[in-house]
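Colleague: I would like to go through this model with you. Please give the conventions along with the values.

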Amino acid sequence: DLLSMFYTYGEEPRSKAIVAAILKYRKEKEIITTGELVHIIETAVGAKYFYEKHPERQIFQAIRIEVNHELNVLEDVLPNAISLLKKGGRLCVITFHSLEDRIVKRIFKKYSEVDEMVKGLPDIPEEYKPHIQIINKKPVIASDEEIKENSRSKSAKLRVIEKVI
């Protein structure tokens with residue numbers, strides 16, 4: 001379960017080594033602090049990789065996503081948010097990692113296209129027409145200047161849609 005979680009949600013290439021180190025450590029002692037987990041991760045991947053790539057960030061991200069069911073919540077809330085918009089209303093979503101961004105991009109694409117069942121018909125019924133229009137085809141990302149002022153903006157992507165029906 002840990003391997004799947006770290007690899008899928010954390011997208012950490014060295015997940016296998018990290019999980020092996022965690023399991024080995026837990027045979028001896030329970031992990032109680034985040035500091036202990038960070039030390040285990042550093043030991044598992046080596047200092048050079050640890051200080052260059054910071055895999056602990058991906059591991060903690062994976063744990064947070066799993067515990068909070070963040071991706072499932074996003075999958076549920078976006079269609080609801082779109083349905084609550086009035087015609088001309090806009091929805092802006094800022095994502096901070098690729099898993100979130102893929103979900104937002106996929107859902108926005110789904111609601112902005114004509115339903116496959118009726119695609120190509122000369123007269124498309126209203127209920128099969130796109131519900132939204134994508135405002136920015138490419139996500140808006142932080143400028144170099146903004147990243148200098150706020151390093152956390154480096155991974156942020158903004159996507160905007162407008163309700164058309």
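**Strand contact and helix packing**

Modeller: Ile-134 is partly exposed, with a relative accessible area of 22%; buried means under 20%, exposed over 50% and partly exposed in between (1.4 Å probe, protein chains only). This is a predicted model, in which local features need pLDDT of at least 70, side-chain atom pairs count only at pLDDT 80 or more, and totals for chains, interfaces and linings use all residues. Residues are numbered from 1 along each chain as its sequence is written, and side-chain values use heavy atoms, with hydrogens and water left out.

Colleague: Which residues does Ile-134 touch, not counting residues up to four places away in sequence?

Modeller: Contact means heavy atoms within 4.5 Å. Ile-134 lies in strand β2, strands being DSSP runs of E with at least two residues and helices runs of H or I with at least four, numbered from the N terminus. With that sequence exclusion, the residues touched by Ile-134 are Phe-108, Lys-109, Ser-112, Val-160 and Ile-161.

Colleague: How far apart in space are Ile-134 and Ser-112, C-alpha to C-alpha?

Modeller: Ser-112 is among the buried residues of α7. In sequence, 22 residues separate Ser-112 from Ile-134. Their C-alpha to C-alpha distance is 6.7 Å.

Colleague: Which residues in α3 do the α2 residues meet?

Modeller: On the α2 side, the residues are Ala-17, Ile-18, Ala-21, Ile-22 and Tyr-25. Their partners in α3 are Glu-36, Leu-37, Ile-40, Ile-41, Ala-44 and Val-45.
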